[in-house]
Amino acid sequence: MKTNDVILQTTTKVVFFIIFLFSIHIFFAGHYTPGGGFVGGLLTTGALVLLLLAFDLKTVKQALPFNFTIVTGIGLLLALGTASASLVFNVPFFTHAFDDFTLPLFGVTSLHTAMLFDAGVYLVVVGAAITIIQSIGGDA
Amino acid sequence: MEFVYLIFLPMLVALIIPLLFKKLNGVHTGWFVLFVPVVLFIYYAGFARSIMDGGHAVSELQWIPSLGISFVSYLDGLSLLFTLLITGIGALVVLYSIFYLDKSREKLHHFYVYLLLFMSAMLGVVQSDNVISLYLFWELTSISSFLLIGYWNTRDRSRFGALKSMMITVFGGLMMLGGFVLLGIMGDSFSIRELIANSASFIGHEYFTLALILILLGAFTKSAQFPFYIWLPDAMEAPTPVSAYLHSATMVKAGLYLVARFTPIFAVSEVWVWLVTGIGLLTLFWGSFFAVKQIDLKAILAFSTVSQLGLIMSLLGAGAIAFHSDDALFKFATFAAIFHLINHATFKGSLFMIAGIVDHETGTRDIRKLGGLMSIMPVSFTVAFIGSMSMAGLPPFNGFLSKEMFLQSMLAIQHFELFNFATWGMLFPIVAWIASVFTFIYSFYFVFKTFAGKRKKEPLPNTPHEAPFGMLISPVILAALVVGIFFIPNVIGKWFVKPAVMAIQPALYNHPSDVAVHVAAWHGFASTELWMTIAIVGVGAILYLTLAKWQKLYDIQPQSLSLNALYDATMLFGERGMNQLSRFYMTGLIRTYLLYMFAFIIALTTATLFIKEAFVVDMDSFSALNAYGLMTAVILIIAVCMVVLAKTRLAAIIALGAVGYSVALFFVIFKAPDLALTQLVIETVSVALFLLAFKHLPALRNHGQTKRNKIANLIIAAGIGVTVTLVALSAHSQKLLPSISHYYKETVATEAGGGNIVNVILVDYRGFDTLFEIAVLAIAGIGVLGMIRLRLARKERADENK
Amino acid sequence: MEFVMAIVIGILFMAAVYLILSRSLLKVILGTGLLSHGAHLLILTMGGLGGTSPPVLADGVTDYADPLPQALILTAIVISFGVTAVILVLAYRAYAVHKTDNMNLLKGNDEHD
């Protein structure tokens, strides 16, 4: 089926980036205000679903040539890696560390290993959800 | 050295056996296996000197310390004797099997793995000081025996025999575990040594007799005592090396070991003495009586094993009397039991190997077809002759010595005054004597029907010839022992029997040499047992010569009245009955199963709520009504009704979306911004999912559901609804434990360095949950991918095939 | 408010169970969807609906809503999404292969015992 909906497609191009940026924001804000890896990941998924609806599967695949199963795998490894990294420092599994750093451009920023773990969550959510949707959508 | 690890040595070697079999197929795998029992035998033999001196050795490996379960290798006279039997006979059997099993035709990697597994398990049984690990190894022997009996798994009889032995011995094992647990409760320990030390306090305990009977059930099933012996004849389907090893020399003696090991605890009980002695004697008689009926060489040996095990069992029972009487005669019985145990291992091992050789070289074990093999197989005949004569209790073979001692002990029982033995005691020597006559008959029957007489006209399946040299090594060594032990019984007694006796009766002796038994072949003409032996030989010889006339009498007993028939009927009934029972409620319909589950949930939950008076509604704890909340509730209920009543797919999906969005609204109202965000997005993605799958989905149809059906569903559904409402109310109204949330609230900034408590819980406090959750999500993704991709791949392949 | 919520939850569960017991495969899926919504609200209600502000640290606020049930529900929401996706695909694949969505016909036959 060929969709030729110019208004939807043009709007989507803009809206996609708005949602995507918002999802990134919500992901980073998660530790202090509502948000986090789950919501961020799901919002990104939502943005991608919008793209899928406005265009078609093939176009989106060409535009975003990721294998989303691999994204899932990277996410899981990142989460597990962050959790096990504490073992290297001889503290129990899953011990997080955090501190404030002064970075150029950002000023005083609090960096937290939990953020890395959350990034893993983010990637798994995006990867798994898109894998599911692409599979179902691609099933003729 | 921590020799407890040696128990696992065979198991470790078993791991590389398949590799050796595959890579080095020019060499018979048995040669690699052989070194295991040999090395172990030599190592354990090194303990003999210190243990002969009354010492013992302990080595411990912690397993589950919090439950008091560990692997403890405890070597005293009894366990060392068994260990040496297991490794010694094991070495001979492996050597024999190298020539018995053809390396090109048999699955040797299976066979030797099972055999090594068994060896580990058996060592574990006899060395464990902890009853729980003892039980573990005990069941492992049952399992490896199952695998070995079923080794030729394409034969029906093998599978039947394997299952039968497994059923009976595992049943016994479970009973035994119950006994162990009861002992553990009584003595507050799982260590056999500690239990023995505390055994005085068990007397009169309400569990004492129950534990006794349960443990005896384990011992009786394993040692094939009446009426559980029926598995042993069927176990003869195993390859002959296995029969020689498991089913005559070692595994079936595990029951005897157990009885011997627990004698110090239970011997004070009248029940113990009566059961062990009585069942042992009954088994002795029963086995020997039916051995004469058999026509298969191995079946004769199987029944004779049953009978001999009964003999040793009854001696152990008589030995337990020593705890009640100072009469030296009863101390003697335990010595006789251990001595005969050694003797039996030697002569029965050699006889089994000969039966295997006959089977191997002639192609049949049917005694009716055999005969006159003496001139063709002189070595085998000699070995068989020595073994049989020893079994019959004739000099100059070791069986004579222990048989005399057995008769002496049985005669002694009639003088025992306690437990009504004075009344019934006369029966013991009489039954023992009759059984001995039959033992004599079947021993002669076995050896002479096979080797003596004329060749049968009907040709044998294979042209008979003497076995190859290698196959004869093991039986000849055993036969040499049979003769040798006759001449040096007191050396064996000093080194092996007396330390074992001391282990069985620790309270009676300070040092193994205190066991005042001197074995002699000649007791003078005045001894009753001599005349009994002479009578056995006389009557036995007459009956053997007239065997052909009266052997038919066995056919009087109808097959349908045998214990085997009872077993078969029970199994069949169990299988059919269970099948019918499960068919009665297992309809195969998911709805039926769900109905059961939901009904149980309703019944159990509401019953608990009211019986425990857990249903409390505390109106004060409720928060104030909220106008937005009420409106959302109304919207949600309407949406739910639409989902249920929807006539089309699209309407139902949209209504489901509406429910989801209202739930998100609730989250907003109840101050859960994270949830609200997540719910909103996920609902959007879900609806998209449903719509994407829309074209694949079936239409909503009723499928002819009847009104009655619907009403039943509605009742169950309403029940669940009410139950959940009650649970929600009472769960909110009473908090049994303070919430951990306060801790989170206080520490979220200081300990975790975060501000959003919900997110910090997810990534930090309960990070494990989240880790597993994303794993589940990834699995779901891959699952969906698999379900769709795999089918597409298959479709493409199908296209190619066209 | 908890009382109202308890009734709403009851209705959600009732509808879910009713749908799950029906013969149409699609209705079963819809039922499980409702069931998870009911479960989420149940957890929330059991923890109490009190608290005047969300569980996010802010100056001067002490009366937070209980964060623990929220964390649990957040996990449950995402999981239920995965579950829904899997059974959805499972269901329509079963429909495609067996050409029916009648639960009564989708039972195994005796050959598979």
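Predicted model: local features only at pLDDT ≥ 70, side-chain atom pairs only at ≥ 80, totals over all residues.
Local features need pLDDT of at least 70 and side-chain atom pairs count only at pLDDT 80 or more, while totals for chains, interfaces and linings use all residues; side-chain values use heavy atoms, without hydrogens and water. Residues are numbered from 1 along each chain as its sequence is written, and chains are lettered from A and ligands numbered from 1 in the order in which they are written.

Chain A contains 5 helices and 2 strands. Helices (H or I, at least four residues) and strands (E, at least two) are DSSP runs, numbered from the N terminus. The order of elements in chain A, from the N terminus on, is α-α-α-α-β-β-α. The C-alpha trace of chain A spans about 60 × 35 × 25 Å along its principal axes. Chain A has 140 residues, and 43% of them count as buried. Buried means under 20% relative accessible area, exposed over 50%, and partly exposed in between (1.4 Å probe, protein chains only). Contact means heavy atoms within 4.5 Å. Among contacts in chain A with a separation of 6 or more, 61% link residues 24 or more positions apart.

The interfaces come next. The size of an interface is often given as the accessible area lost when the parts come together. Here, buried area is the accessible area (1.4 Å probe) that two parts lose on being put together, summed over both. Between chain B and chain C, about 7,900 Å² is buried, with 78% of it on carbon and sulfur atoms. Phe670(B), Lys671(B) and His703(B) supply 8% of the area that chain B buries against chain C, more than any other three residues. In this interface, 95 residues of chain B are in contact with 77 residues of chain C. Chain A and chain C bury about 750 Å² between them, and carbon and sulfur atoms give 84% of that area. On the chain A side, Phe38(A), Ile132(A) and Ile136(A) lose the most area to chain C, together 51% of what that side buries. This contact involves 8 residues from chain A and 7 residues from chain C.

Two packed helices are described by the angle between their axes and the distance between the axes. Axes are lines fitted to C-alpha atoms, for helices over the stretch in contact, and angles run from 0 to 180 degrees between N-to-C directions. Angles under 35 degrees count as roughly parallel, over 145 as roughly antiparallel, 65 to 115 as roughly perpendicular and the rest as oblique. Helix 1 (residues 9-23) of chain B packs against helix 2 (residues 29-45) of chain B at about 165°, with the axes 10 Å apart. The two helices are therefore roughly antiparallel. Leu9(B), Val13(B) and Ile17(B) are among the contact residues of helix 1 of chain B, and Phe32(B) and Val36(B) are among those of helix 2 of chain B. This contact has 10 nonpolar residues, 1 polar and no charged. Nonpolar covers Ala, Val, Leu, Ile, Met, Phe, Trp, Tyr, Cys and Pro; charged covers Asp, Glu, Lys and Arg; the others, Gly among them, are polar.

Helix 4 (residues 77-100) and helix 21 (residues 489-504) of chain B pack at about 130°, with their axes 6 Å apart. They are therefore oblique to each other. Gly77(B), Leu78(B), Leu81(B) and Leu84(B) of helix 4 meet residues of helix 21 including Phe496(B) and Pro499(B). Here the contact residues divide into 8 nonpolar, 1 polar and no charged.

Helix 4 of chain B also holds Ser97(B). Ser97(B) is buried, at 0% relative accessibility. Beyond its neighbours within four places in sequence, Ser97(B) is in contact with His28(B), Phe111(B), Tyr112(B) and Pro241(B). Ser144(B) is in helix 6 (residues 131-149) of chain B. Ser144(B) is likewise buried, with a relative accessible area of 0%. Its contacts, leaving aside neighbours within four places in sequence, are Tyr114(B), Leu117(B) and Phe118(B).

Most residues other than glycine have a negative phi, and most peptide bonds are trans. The peptide bond from Phe226(B) to Pro227(B) is cis, with omega near 0°. Pro227(B) lies in the loop between helix 9 (208-222) and helix 10 (231-234) of chain B. Ala224(B) is in the loop between helix 9 and helix 10 of chain B. Phi of Ala224(B) is positive, near 55°, and Ala224(B) is buried at 0% relative accessibility. Asp188(B) also has a positive phi, near 55°, but is exposed, with a relative accessible area of 70%.
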